[in-house]
Amino acid sequence: MDNELINIQTNEQGEQRVSARDLHKQLEIKTRFSAWINQYTDMFVEGNDFMAEVQTTPIKNGNGRVQYLDDYSISVDMAKHISMMTKTERGNQIRDYFIQIEKQWNSPE
């Protein structure tokens, strides 16, 4: 499986985390990001499972304006749960990807 399916970052505390926007994109969710993530934030613990972040993204029209997008840094465990709750083949693939990566991290080699 492609190791770059979803970019996994390690934060200062040594925790593996992913962008909720990246997960949303990889799961091929049709629902608007803000509506999609809001259905999960009540189910998980802010500050532990997820943390709000703001991304700065240049608008493509070339006028120099900057758009600020909400994102969330989410734990790999939260990403696995969301992937499984998606109940799609793609969700299963993403969940299996996280499990495979976790096994590699925990491998004695």
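**Surface, salt bridges and a helix pair**

Reply: Val-66 counts as partly exposed, because its relative accessibility is 41%. Keep in mind that this is a predicted model.

Me: Which strand is Val-66 in?

Reply: Val-66 belongs to strand β4, which covers residues 66–75.

Me: And what does Val-66 form on the surface with Val-54 and Tyr-68?

Reply: A nonpolar patch. Together, Val-54, Val-66 and Tyr-68 have about 320 Å² of accessible area.

Me: Switching to charges. How many salt bridges does the structure hold?

Reply: There are 5 salt bridges. One of them pairs Arg-17 with Glu-15, with 3.8 Å between the closest N and O atoms.

Me: Is Arg-17 buried or exposed?

Reply: Buried, because its relative accessible area is 5% and the cut-off for buried is under 20%.

Me: What about Glu-15, how does that count?

Reply: Glu-15 counts as partly exposed, because its relative accessibility is 33%.

Me: Which residue does Arg-90 form a salt bridge with?

Reply: Glu-28, and the closest N and O atoms are 3.9 Å apart.

Me: OK. Which residue does Arg-95 bridge to?

Reply: Arg-95 forms a salt bridge with Asp-96, the closest N and O atoms being 3.8 Å apart. Salt bridges that share partners also join Asp-77, Lys-80 and Glu-102 into one network.

Me: Back to Arg-95 and Asp-96: what are their relative accessible areas?

Reply: Arg-95 has 28%, so it is partly exposed. Asp-96 has 40%, so it is partly exposed as well.

Me: Now helices. Where do the axes of α3 and α4 come to, and at what angle do they cross?

Reply: The axes of α3 (residues 76–85) and α4 come within 7 Å and cross at roughly 150°.

Me: Parallel or antiparallel, then?

Reply: Roughly antiparallel. Angles over 145 degrees count that way, and the crossing of α3 and α4 is at roughly 150°.

Me: Left-handed or right-handed crossing?

Reply: The crossing of α3 and α4 is left-handed.

Notes:
Residues numbered from 1 in each chain as written. Predicted model: local features only at pLDDT ≥ 70, side-chain atom pairs only at ≥ 80, totals over all residues. Heavy atoms only, no water. Patch = residues over 30% accessible without salt bridge, like charges linked within 9 Å, V, L, I, M, F, W, Y side chains within 5 Å. Areas by Shrake-Rupley, 256 points an atom, 1.4 Å probe, with all protein chains shown as cover. Salt bridge = Lys/Arg side-chain N within 4 Å of Asp/Glu carboxyl O. Helix = DSSP H or I, 4+ residues; strand = E, 2+ residues; numbered from the N terminus. Buried < 20%, exposed > 50% of the residue type's maximum accessible area, 1.4 Å probe, protein only. Axes fitted to C-alpha atoms, helices over the stretch in contact; angles between N-to-C directions. Parallel < 35°, antiparallel > 145°, perpendicular 65-115°, else oblique. Left-handed = near helix turned anticlockwise from the far one by under 90°.
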